[in-house]
Amino acid sequence: MAFTFDFSNKNVLVVGGTSGINRGIAETFAKAGARVAVVSRSQEKVDDTVQSLKNCGAVDATGFSADVREVDAIKAGIDNIAANWGKLDVVVSGAAGNFPALAMGMSPNGFRSVIEIDLLGTFHVMQAVYPHLKKPGAAIINISAPQAEIPMAGQSHVCAAKAGVDMITRTLCLEWGVEGVRINSIIPGPIDNTEGMKRLAPTEGLRIAVIKSVPLQRMGTTDDIANACLFLASDLASYISGAVIPVDGGWAQGGAAVVGAGLAEMLKGMPKNK
Ligand code: COA
Ligand code: NAP
């Protein structure tokens, strides 16, 4: 079934938009006629993505390099984009870090790095975009993860961080709804050919176990997540706010636990994680 979304005259910011799922989201908004901006730490990845957004048909594409942990740099870069464009209509916040490690196999700094990127970084982005959102009508989408709701061995840092991200979503829904700003989280399932899945299912055995554990019996694609973002950012979703929505082939209904079990088995053999 063909269904077309029109985001012409809409300004879309995708934080962490230079690879994987988030880049797929940025490119999808570009194809739907939006102006699109991306942010990540690597200027090289930003430049490559901006070129790709233009190739996808973006009316305008831009970006800047900054670490979401650096509040001043994030705010300055976002202020600059908003000054050029006048307003922001859609913000997707998905910068994240992950590595598999049992709690006793990571230092406090390892735990802190993921909390600071995923959770504090999300807060920095929310504060930075707020003054520039076109209200009413603005839509924010935070990219969460199954770990927000399903405890997984080897993922205590991500579980804690992404649960916090979803509570930011739900709390800001209360604070900003009165102004017509909608904010939702998407929880992607296992998405094929992404850095996240390379880290969480690094062996062929784990990959097959993951596929079998998804009720729909396949990994997701970046398009699966991007299409959900198009819907949530569109007027079709004008009464949806504060929702935490799995886009995961049914994985959250039980199968996702297979990742934690697989990681626990894999990490047992590693000296740092005993
Ligand atoms: N096991 C245990 N600890 C680990 C680890 C692992 N596999 N990988 C990193 N760490 C620890 C480091 O040892 C360090 O702690 P220390 O200073 O006490 O030694 C801490 O984590 C920070 O590592 P560092 O490499 O300095 O952090 P960074 O800020 O440069 O990178 C990461 C952040 C670690 C999350 C990095 O993997 C990253 O940049 N990820 C982005 C891409 C990604 O994760 N994509 C998937 C998204 S789902
Ligand atoms: P990815 O390719 O590693 O994408 C992460 C993006 O964030 C990159 O653009 C990266 O670019 C940027 N980034 C990382 N740390 C940053 C920082 N400190 N400051 C600014 N930007 C930063 O990962 P992915 O697998 O596609 O995951 C994308 C999102 O989906 C994440 O939020 C993840 O938690 C979520 N998710 C993924 C899966 C999956 O199956 N892959 C499942 C559930 C949820 P730089 O390196 O240039 O900074």
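Visitor: Which residues are linked with R23 in a network of salt bridges?
Guide: Happy to start there! A salt bridge here is a side-chain nitrogen of Lys or Arg within 4 Å of a carboxyl oxygen of Asp or Glu. Linked with R23 in such a network are E27 and D48.

Visitor: Before we go on, which pLDDT do side-chain atom pairs need?
Guide: Residues are numbered from 1 along each chain as its sequence is written, while chains are lettered from A and ligands numbered from 1 in the order in which they are written. Side-chain values use heavy atoms, with hydrogens and water left out, and because this is a predicted model, totals for chains, interfaces and linings use all residues, local features need pLDDT of at least 70, and side-chain atom pairs count only at pLDDT 80 or more.

Visitor: Back to R23 and E27: what separates them along helix α1?
Guide: Helices are DSSP runs of H or I with at least four residues, strands are runs of E with at least two, and both are numbered from the N terminus. The side chains of R23 and E27 meet at 3.0 Å, N to O. Because they sit 4 residues apart in α1 (residues 20–31), the separation is about one helical turn.

Visitor: Is R23 buried or exposed, and what about E27?
Guide: Buried means under 20% relative accessible area, exposed means over 50%, and partly exposed lies in between (1.4 Å probe, protein chains only). On that scale, R23 and E27 are both buried.

Visitor: How many salt bridges does the structure hold, and which residue pairs with K75?
Guide: The total is 10 salt bridges.

Visitor: What is the N to O distance between the side chains of E195 and R199?
Guide: Both residues lie in helix α6 (residues 195–200), 4 residues apart, or about one turn of the helix. E195 counts as partly exposed at 43%, and R199 does too, at 37%. Their side chains meet in a salt bridge at 2.8 Å.

Visitor: Why are α4 and α5 called roughly parallel?
Guide: Two packed helices are described by the angle between their axes and the distance between the axes. Axes are lines fitted to C-alpha atoms, for helices over the stretch in contact, and angles run from 0 to 180 degrees between N-to-C directions. Angles under 35 degrees count as roughly parallel, over 145 as roughly antiparallel, 65 to 115 as roughly perpendicular and the rest as oblique. The axes of α4 (residues 108–129) and α5 (residues 156–176) come within 8 Å, and α4 is roughly parallel to α5 because they cross at roughly 15°.

Visitor: And how do α1 and α8 lie to each other, and with which handedness do they cross?
Guide: α1 and α8 have axes 8 Å apart and pack at an angle of about 50°, so they are oblique to each other. A crossing is left-handed if the near helix is turned anticlockwise from the far one by less than a right angle, and right-handed if clockwise. α4 passes α5 in a right-handed crossing, and the way α1 passes α8 is likewise right-handed.

Visitor: Which peptide bond is cis?
Guide: Most residues other than glycine have a negative phi, and most peptide bonds are trans. The cis bond has an omega of about -5°. Its proline lies in the loop between α4 and β5 (139–143). The two residues joined are K135 and P136.

Visitor: What phi values do N193 and Q217 have?
Guide: Neither is a glycine, yet each has a positive phi. N193 lies in the loop between β6 (182–188) and α6 and is exposed, at 70% relative accessible area. Q217 sits in the loop between α7 (204–213) and α8 and is partly exposed, at 46%. The phi is about 55° for N193 and, for Q217, about 60°.

Visitor: How far apart in space are I245 and I187, C-alpha to C-alpha?
Guide: I245 is found in strand β7 (residues 244–247) and counts as partly exposed at 25%. In sequence, I245 and I187 are 58 residues apart, but in space the gap is 5.8 Å.
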